[in-house]
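Subject: Structure handover

Hello,

Here is the structure I promised to pass on. Please open it and keep it beside you while you read my notes below.

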Amino acid sequence: MINVLFVCTGNICRSPMADAVLQDMIRKEGLADKITVDSAGTGNWHAGETAHRGTLNVLKRHNVPYNGRARQLKRTDLEDFDYILAMDKSHLPVIEQMARGSEAEIALFLSYANRAGTEKTIEVPDPYYDNRFDHVYDLVTKGCEALLAHIRAQHQL
């Protein structure tokens, strides 16, 4: 089983959106028995809460199901996940500090779309304050498509 973890700040906007979008793509491609997806936040401010209303609304408009709850990143995640993807550069130091000895592939989420040439943006902006959830959805979709193509190539799926 290949395990993917998305990480943002509070785990209510960007990372749950990426979690839902990738899970939906995996399900549609018949790979649910080969790839699992989860999300976490660097902080615990929203632990136990549902995703932000803006995230849930954009997912609903695109018929992407999601029912997860926010949680904080923990040390065991670095052992349990094969891919740990930061939504922006501020999350990388937190992940890397916890990652000592981890064999997980740690990267900026959009780096896969950058390498594939489908997106030039490096970081997924936080829509918590500006409500640009549709823009974030577009970035997340491009990122998930590129990430899934990378995983398929790496693991011959």
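Just after α6, Gln 156 takes a positive phi of about 50 degrees. Bear in mind that this is a predicted model.

Now look at α6 itself. The helix runs over residues 133-154. It has 22 residues and reaches 30 Å from its first C-alpha to its last. That is close to the 32 Å expected at 1.5 Å a residue. The buried residues of α6 include Phe 133, Val 136, Tyr 137, Val 140, Cys 144 and Ile 151. Gly 143 is buried too. What do the buried residues of α6 pack against? They pack against β1, α1, β2, α2, β3 and α5.

**The core**

The largest nonpolar core has 41 residues. Phe 6, Phe 109 and Val 140 touch the most other members. Several elements supply at least two residues each: β1 (2-8), α1 (14-28), β2 (35-41), α2 (53-61), β3 (83-86), α5 (111-116) and α6 (133-154). Which of them gives the most to this core? It is α6, with ten residues.

Take Val 140 as a place to start. Leave aside its neighbours within four places in sequence. Val 140 is then in contact with Met 17, Ala 18, Val 21, Met 87, Phe 109 and Val 124. Another core lies apart from the largest one. It has 14 residues, among them Leu 5, Ala 86, Ala 104 and Leu 108.

**Helix α1**

Next, α1. Its 15 residues should span 21 Å at 1.5 Å a residue, and its end C-alpha atoms are 21 Å apart, so the two values agree. This helix is mostly covered, with twelve of its 15 residues buried. Among the buried ones are Arg 14, Asp 19 and Asp 24. Met 17, Val 21 and Leu 22 are also in that group. What covers the buried residues of α1 includes β1, β2, α2 and α6.

**How the helices pack**

Two packed helices are described by the angle between their axes and the distance between the axes.

- α1 and α6: the axes come within 9 Å and cross at roughly 50 degrees. That makes α1 oblique to α6. The crossing is right-handed. On the α1 side, the contact is made by Arg 14, Met 17, Ala 18, Val 21, Leu 22, Met 25 and Ile 26. Residues on the α6 side include Phe 133, Tyr 137, Val 140, Cys 144 and Leu 148.
- α1 and α2: the axes come within 9 Å and cross at roughly 20 degrees. Angles under 35 degrees count as roughly parallel, so α1 is roughly parallel to α2. This crossing is right-handed. Met 17, Ala 20 and Val 21 of α1 meet Thr 55, Val 58 and Leu 59 of α2.

**Loops to check**

Most residues other than glycine have a negative phi, and most peptide bonds are trans. With that in mind, visit these residues.

- Asn 11 has a phi near 65 degrees, a positive value in a residue other than glycine. It is found in the loop between β1 and α1. Is Asn 11 buried or exposed? At 1% relative accessibility, Asn 11 counts as buried.
- Asn 63 has a positive phi of about 55 degrees, although it is not a glycine. This residue is in the loop between α2 and α3 (77-80). Asn 63 is exposed, with a relative accessible area of 64%.
- Gly 30 is exposed, with a relative accessible area of 51%. From Phe 6, Gly 30 is 24 residues away in sequence and 21 Å away in space, C-alpha to C-alpha.

One more loop residue. Thr 42 is found between β2 and α2. Its relative accessibility is 18%. Buried means under 20%, so Thr 42 counts as buried. Leaving aside neighbours within four places in sequence, Thr 42 is in contact with Val 7, Cys 8, Thr 9, Gln 72, His 91 and Val 94.

Best wishes

Notes
Residues numbered from 1 in each chain as written. Predicted model: local features only at pLDDT ≥ 70, side-chain atom pairs only at ≥ 80, totals over all residues. Heavy atoms only, no water. Core = buried A, V, L, I, M, F, W, Y, C linked by side-chain atoms within 4.5 Å. Buried < 20%, exposed > 50% of the residue type's maximum accessible area, 1.4 Å probe, protein only. Helix = DSSP H or I, 4+ residues; strand = E, 2+ residues; numbered from the N terminus. Contact = heavy atoms within 4.5 Å. Expected span 1.5 Å × (residues − 1). Axes fitted to C-alpha atoms, helices over the stretch in contact; angles between N-to-C directions. Parallel < 35°, antiparallel > 145°, perpendicular 65-115°, else oblique. Left-handed = near helix turned anticlockwise from the far one by under 90°.
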